[in-house]
Amino acid sequence: MAHVLTTEPTMLTTGASQTKAKRIGDREKTAARLLRAAVERSYDAEVDIDWDDPFSDDKQFAPEHRLSLYGTRIWDKLSPEQRYEMSRHEMVSIFSFGIFAEAVLSTFLFRHVISNGLANDSTRYALTEIGDEARHSTMFSRAINKLGVEPYELPKGVNWFINLFTGILPACTTTWGGTLLIEEILDRLQREAMLDEQIQPHLRQLFKIHVLEEARHITFAREELVRTYQKANRFTKAFHRFMIALVCALVLPVVFHPEVYRRVLGMSPLRGALAAQLNPNYRGNAQFMCEPMIRYFHEVGLVSGRVTLKLWKSTRAVPDDLYGELFGAPRKQKAPTLLGRGVRRLVGA
Ligand SMILES: [Fe+2]
Ligand SMILES: [Fe+2]
């Protein structure tokens, strides 16, 4: 029998990781607690989602205001059918990214198992989390089939680079930071979408399952981030700060695969990606997705250093109050230049 999951509005924040950088406990105690949580709160999308139930024509696949072109001139000219297709394809793009990212995160968890000792709670917890991610990716893969759209693969060159990267890097501050980047972004988007009654019920159920199980992953990664960072020397710390900011600056613009624009609108992916970047809503969405994560990174001491700060600035995701604190002055509302206005008009942003 399927689990019945509640959809109280308070779930927007309930169950979200409350881990504080200053209160990191013993790794084994945390792992034992999270193992108990895994026994109490684990779901199986094979039975907990009714995959045979058809989609409703009057429900969306994603909240419109989070779609990459919502708010642009291109969006204003789209028909309701094209908007519906955009929401279907961008959701498939997110699920494709999710499967890819969870494979990378699980690789790092396996590496954690290799170096962490074989018979203790934190190793058992890491193995449990790998099991969670395997079920999540199975769930995402089934959702892609249900949505009836071919998955969005990454370019071969990027796959090659990521394979190399995951093969070389041990579990360290950068890998835990990268893990949080993926998990916290998805947590924010899915927490909001699971409460939205305009969204297809299958997807709301999927988001709930993922959010509930990811809460413990975020707790574990947040604690490991602090433990590994505190052990590092001054130079390694600077390297990890830089790497986490760099990964965030590179990943945020491609959360939605640019190939979506070609498949749905027949538009060049470059033009679509530019329009998404110049979308007046881009900053608000980036801040929404990254806020709890960046505040936590700041608490840990990861958002500092000249180059690192420049990278964080380039992400446009730093919350306004934190921006003032980090850069010594509130963010200026710059009037767009003539060239900027021209490019924006040219690409339809
Ligand atoms: Fe997951
Ligand atoms: Fe996870």
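Visitor: Where is the place of R316?
Guide: Happy to start there. This is a predicted model, in which local features need pLDDT of at least 70, side-chain atom pairs count only at pLDDT 80 or more, and totals for chains, interfaces and linings use all residues. Residues are numbered from 1 along each chain as its sequence is written, while chains are lettered from A and ligands numbered from 1 in the order in which they are written. Helices here are DSSP runs of H or I with at least four residues, numbered from the N terminus, and R316 sits in the loop between α13 (306–315) and α14 (320–327).

Visitor: What is the phi of R316, and is the residue buried, exposed or partly exposed?
Guide: R316 is not a glycine, yet its phi is positive, about 60°. A residue is buried if 20 or more other C-beta atoms, placed from the backbone, lie within 10 Å of its own, exposed if 12 or fewer, and partly exposed in between. R316 has 19 other C-beta atoms within 10 Å, so the residue is partly exposed.

Visitor: Is K334 buried or exposed?
Guide: K334 lies in the loop between α14 and α15. Its C-beta neighbours inside 10 Å number 7, so K334 counts as exposed.

Visitor: How do α1 and α8 run relative to each other?
Guide: Axes are lines fitted to C-alpha atoms, for helices over the stretch in contact, with angles from 0 to 180 degrees between N-to-C directions. The axes of α1 (residues 27–40) and α8 come within 10 Å and cross at roughly 170°. Angles over 145 degrees count as roughly antiparallel, under 35 as roughly parallel, 65 to 115 as roughly perpendicular and the rest as oblique, so α1 and α8 are roughly antiparallel.

Visitor: Which helix has the highest mean pLDDT?
Guide: pLDDT is the predictor's confidence in each residue, from 0 to 100. The protein averages 92, and 96% of the residues score at least 70. Among its elements, the lowest mean (86) belongs to α15 (residues 338–347), and the highest (98) to helix α10 (residues 259–265).

How values were computed:
Helix = DSSP H or I, 4+ residues; strand = E, 2+ residues; numbered from the N terminus.
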